[in-house]
Amino acid sequence: MPAVTADPLTLPRLPRLPEADTGWRRVAKVVTAQRHLEGEGFEVRRPFPGMDLSLADPFLLLDHMGAVEYAPGEAKGTPWHPHRGFETVTYIMDGAFQHQDTTGGGGLISDGATQWMTAGAGIQHIEQPPPELVAKGGLFHGVQLWVNLPRAQKWVPPRYQDIEARDVTLLAADDGSSLVRVIAGSLGEHQGPGVTYTPINFLHATVAPGARLALPWPREFNALVYVLSGRGTVGVEEIALDEGRLAVFGGSHQVGEQDGLVVRAADRQPVAAGSGWEILVLGGLPIREPVARYGPFVMNTREELIQAFEDFQAGRMGTVPAERVPHRSAADTSLT
Ligand code: MN
């Protein structure tokens, strides 16, 4: 897994959390991702929705794409489709993905880069593997995360951020053994590059075999760990967590100076996992508002969903550029 990588010994280290004075979060639930077909027919593993979505708040969806070795002609994406009321965050670890949207935003992301699209009041976009990847095939591995917007921000103007791999904040575990990539949010004094409306942390960690990783965690944030590859345990309870599984943390075992998350990579990792246990660590400030969702629209009420469909059909969510007339209709609004 290339993503962006570095020797942890050369990086700033996370603070050592005091064992007895940290509010270690307990593991509340473990969920296995379900397989779905998306867009033009690519497979994703989806840990949520599918569980009680209030546990994931402010997140709405997590799709794990790959890792897959595409044969020539096999890589697929999505046609043009609309969104309103939330943000899509696409992080590519291997291979590449191309994005274009009706605000003029877009670009090619690969190997550790992230595209962050705030749909806000409404946008249309297309997400495709680049022609070279389609023609030649190759390794592809990425995730797409949906982050909800609170009622007051569902109507913000759409926005696009391209976060290059080199912009990602790289940190080492307190013992220098593991690598933590901060894509958005912050760990201690270290900020990631993603600009978010809803306060969140979005991290990708490579935990060295046998190593323990402890992260300071905001008390008001929820916390989720999803396994991209390899195996390990989560929490002081050491609950096993393998590829394709999600752990949902609850409150802490004890009141401490501050909250913390602790995970540990198994001593022996599957060969396919490469150098370590690859995990996403997510959390944010729960929005705690009613969620009305249908396909690509996520609002607070059913009336707002109906309005979203009407606005889309009336052309009020941007115009697909003429030079890239889609070969498929954007009318199928059930797509992500
Ligand atoms: Mn989309």
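Arg45 is buried, its relative accessible area being 11%, where buried denotes under 20% relative accessible area, exposed over 50% and partly exposed the range in between, as computed with a 1.4 Å probe on protein chains only. The model is a predicted one, in which local features need pLDDT of at least 70 and side-chain atom pairs count only at pLDDT 80 or more, while totals for chains, interfaces and linings use all residues. Residues are numbered from 1 along each chain as its sequence is written, and side-chain values use heavy atoms, with hydrogens and water left out.

The side chain of Arg45 meets that of Glu243 in a salt bridge with an N to O distance of 2.9 Å, a salt bridge being defined as a side-chain nitrogen of Lys or Arg within 4 Å of a carboxyl oxygen of Asp or Glu. Because Glu243 lies in the loop between strand S21 (239-242) and strand S22 (245-252), whereas Arg45 belongs to strand S3 (residues 42-48), the pair ties together parts that are 198 residues apart in sequence; helices (H or I, at least four residues) and strands (E, at least two) are DSSP runs, numbered from the N terminus. Glu243 itself counts as partly exposed, at 39% relative accessibility.

Across the whole structure, the search finds 11 salt bridges. One of them joins the side chains of Arg212 and Glu19 at 3.0 Å, N to O, and since Arg212 is placed in strand S18 (residues 212-217) and Glu19 in the segment before strand S1 (22-32), this pair ties together parts that are 193 residues apart in sequence. Arg212 is partly exposed at 22% relative accessibility, and Glu19 is likewise partly exposed, at 47%. In a further salt bridge, the closest N and O atoms of Arg84 and Asp311 are 3.0 Å apart; with Arg84 in the loop between strand S5 (81-83) and strand S6 (86-94) and Asp311 in helix H2 (residues 302-313), parts that are 227 residues apart in sequence are tied together. Both Arg84 and Asp311 are buried.

An open sheet of four strands runs in the order S5-S10-S7-S8 with antiparallel pairing, two strands being taken to pair if DSSP finds at least two bridges between them. S5 and strand S8 (106-110) form the edges, each pairing on one side only. Between S5 and strand S10 (residues 123-128), the antiparallel pairing extends over three bridges, and His81 stands opposite His125 in S10.

The manganese ion is coordinated through the NE2 atoms of His81, His83 and His125 at 2.1 to 2.2 Å, donors being N, O and S atoms within 2.8 Å of the metal (3.2 Å for Na, K and Ca), and the site may look incomplete because water is not among the atoms. Along the chain, the donors of the manganese ion follow the spacing H-x1-H-x41-H. His81 in strand S5 and His125 in strand S10 are 44 residues apart and link distant parts of the chain. His81 is buried at a relative accessible area of 0%, as is His125 at 1%.

Tyr91 and Phe202 form an edge-to-face aromatic pair, with 6.0 Å centre to centre and 80° between the planes; rings of Phe, Tyr and Trp (its six-membered ring) pair if their centres lie within 6.5 Å, and planes under 30 degrees apart count as stacked, over 60 as edge-to-face and the rest as tilted. Tyr91 is buried at 0% relative accessibility, and Phe202 is also buried, at 0%.
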